[in-house]
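Please read the points below with the model open beside them. They go from the chain as a whole to its sheets, then to single elements and residues.

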Amino acid sequence: MEYPVTGLHHITACASGAQEDLDFFTKVVGQRMIKQTILFDGRYAHYHFYYANGNAEPGTVMTTFPYKRLMGRTGSGQVQATVYTVAKGALPFWIDHFNRHRIVHRGMHERFGQKFVQFNHPCGLQFEVIEDAAERRVGWSTEEIAPAESVRGFHGPLLSVREIEEEERFFMEALGFRKTGVDGVYHRYEIGRGGAGKTIILLHEPQRPAGSWTFGAGTHHHVALSVADDEALAEQKGIYEELGYTDCSEIKDRNYFHSIYVRSPGGVLVECAATAPGGFAKDEAFNQLGSHLLLPPWFEHRREEILAMLEPIKPPEFHAPVPVEAIGASRRTEATFVAVDREPADREYVREPVTR
Ligand SMILES: [Fe+2]
């Protein structure tokens with residue numbers, strides 16, 4: 001059977017402060033900020049930031065909602081970590097780099113024969129850099145990170161699940177992944193030619209309590225897989241429904257791509273996304289990506305109101321490169337924004353201790 005999914009599209013997480021997030025991804029991870037916009041859902045105005053490699057390619061796109069107002073709870077049924085590939089031999093650079101930036105990391109480890117280093121976003125989110133000799137994608141470089149050492153894009157996400165069987169069935173039967181290995185608690189699945197950008201790994205944690213499903217600082221929210229176009233989205237929705245995964249959403253218009261979402265049996269929210277015509281360059285020049293706050297046309301007339309609710313930020317200076325109606329995609333054009341995204345004074349933190 002032919003499946004529409006071709007690999008990873010993007011991974012989305014909730015950070016805490018907006019400037020903190022922007023500095024982490026552009027200076028520590030060294031990705032290119034390719035879009036500043038807002039979360040299209042809900043009553044609160046939140047930023048939605050997109051970071052990617054130089055070419056802004058699917059499979060490299062990390063997106064965050066800075067979400068100070070509410071803490072998430074990490075646990076099973078969540079994306080545990082986002083894993084970026086780097087060139088073979090680059091990890092010593094990364095360990096020095098993390099130390100220079102006082103980033104919490106856990107030294108070098110190995111999984112499926114590949115060396116990796118796990119590290120933390122200041123809000124607690126987990127990331128990894130993993131060496132991959134077969135990686136050919138082009139990264140983004142910064143004053144501190146040369147092209148040879150740069151992150152190239154995703155290897156894939158680590159998904160924490162209490163049970164393997166039904167989550168495995170979902171990825172294999174509904175999405176077309178094949179199982180390519182087990183290494184201790186890690187179960188690996190690949191699609192297409194496999195490898196970087198075409199891999200997901202289940203982390204078997206049978207005793208781990210479930211993490212939160214809501215938006216909340218310090219937790220990943222979902223993983224998105226890439227499909228070609230709106231027809232492929234409709235086809236994937238059909239596959240879900242045929243198998244009985246009837247909670248698939250309608251096709252949503254995310255401006256830069258169109259999406260469907262389904263909650264997988266292990267708890268992880270899985271999106272399928274088809275890049276819209278023009279992609280991330282549909283509303284700003286490719287070499288200007290990420291330099292200004294962009295609102296979807298249907299919220300543009302409320303720019304001042306929205307801006308007043310967002311944390312002022314300073315974007316990095318060096319970041320200077322099918323019609324919706326036709327597919328019946330839903331677009332939320334009305335909204336009542338009620339308040340600023342501010343940390344409540346009485347909030348109790350539920351954050352896993354970070355140790356070095
Ligand atoms: Fe998404």
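1. Basis. The model is predicted: local features are given only where pLDDT is at least 70, side-chain atom pairs count only at pLDDT 80 or more, and totals for chains, interfaces and linings use all residues. Residue numbers start from 1 along each chain as its sequence is written.

2. Confidence. The chain has a mean pLDDT of 90, and 89% of its residues reach 70 or more; pLDDT is the predictor's confidence in each residue, from 0 to 100. Residues 320-328 have pLDDT below 50, and this stretch makes 17 contacts in the model beyond near neighbours in sequence. The pLDDT is also below 50 over residues 348-356, with 12 contacts beyond near neighbours in sequence. Two residues are in contact if their C-beta atoms, placed from the backbone, lie within 7 Å.

3. Overall content. There are 6 helices and 16 strands in the chain. Both are DSSP runs numbered from the N terminus, helices being H or I of at least four residues and strands E of at least two. Of the 356 residues, 45% count as buried. Buried means 20 or more other C-beta atoms within 10 Å of the residue's own, exposed means 12 or fewer, and partly exposed lies in between, with C-beta atoms placed from the backbone.

4. A sheet from β6 to β10. An open sheet of 8 strands runs in the order β6-β7-β8-β5-β9-β12-β11-β10, and its pairing is mixed. Two strands pair if DSSP finds at least two bridges between them. β6 (105-111) and β10 are the edge strands, each pairing on one side only. On average, neighbouring strands of this sheet are turned by 25° against each other, direction ignored.

5. β6 pairs with β7 (residues 114-120) through 5 bridges in the antiparallel sense, and His-105 stands opposite Phe-119 in β7. Helix α2 (residues 91-100) packs on the sheet and touches β5 (78-86), β6, β7 and β8 (126-131); its direction makes about 15° with that of β7. Such angles run from 0 to 180 degrees between N-to-C directions, the axes being lines fitted to C-alpha atoms, for helices over the stretch in contact.

6. Strand β5. How many of the residues of β5 are buried? The count is 9 of 9, and the strand is mostly covered. β5 pairs with β9 (residues 153-161) over 7 bridges in the antiparallel sense, where Thr-82 has Pro-157 as its bridge partner. With β8, the pairing of β5 is parallel, over 5 bridges, and Tyr-84 stands opposite Val-129.

7. A sheet from β2 to β14. Another open sheet of 8 strands has the order β2-β3-β4-β1-β13-β16-β15-β14, with mixed pairing. β2 and β14 (252-253) stand at its edges with a single partner strand each, so one side of each is left without a neighbour in the sheet.

8. Strand β3. In β3 (residues 47-52), 5 of the 6 residues are buried, so the strand is largely enclosed by the rest of the structure. β3 is joined to β2 (residues 32-38) by 6 bridges, the two running antiparallel, and Tyr-50 is the bridge partner of Lys-35. β3 also pairs antiparallel with β4 (residues 61-66), over 3 bridges, and Phe-49 stands opposite Thr-64.

9. Strands β13 and β16, with helix α4. β13 (residues 219-227) runs parallel to β16 (residues 269-275), joined by 5 bridges; Ser-226 has Ala-273 as its bridge partner in β16. Helix α4 packs on the sheet, touching β13, β15 (257-263) and β16, and its direction makes about 10° with that of β15.

10. Length and end of α4. The 14 residues of α4 (residues 230-243) should span 20 Å at 1.5 Å a residue, and the end C-alpha atoms are 20 Å apart, which agrees. The expected span is 1.5 Å times one less than the number of residues. Gly-244 follows α4 and has a positive phi, near 105°.

11. Gly-176. Where does Gly-176 lie? Gly-176 is in the loop between α3 (165-174) and β10 (178-183). Gly-176 counts as partly exposed because it has 19 C-beta neighbours inside 10 Å. Leaving out residues up to four places away in sequence, Gly-176 touches Tyr-3, Val-5 and Ile-191. The C-alpha atoms of Gly-176 and Ile-191 are separated by 6.6 Å, although the two are 15 residues apart along the chain.
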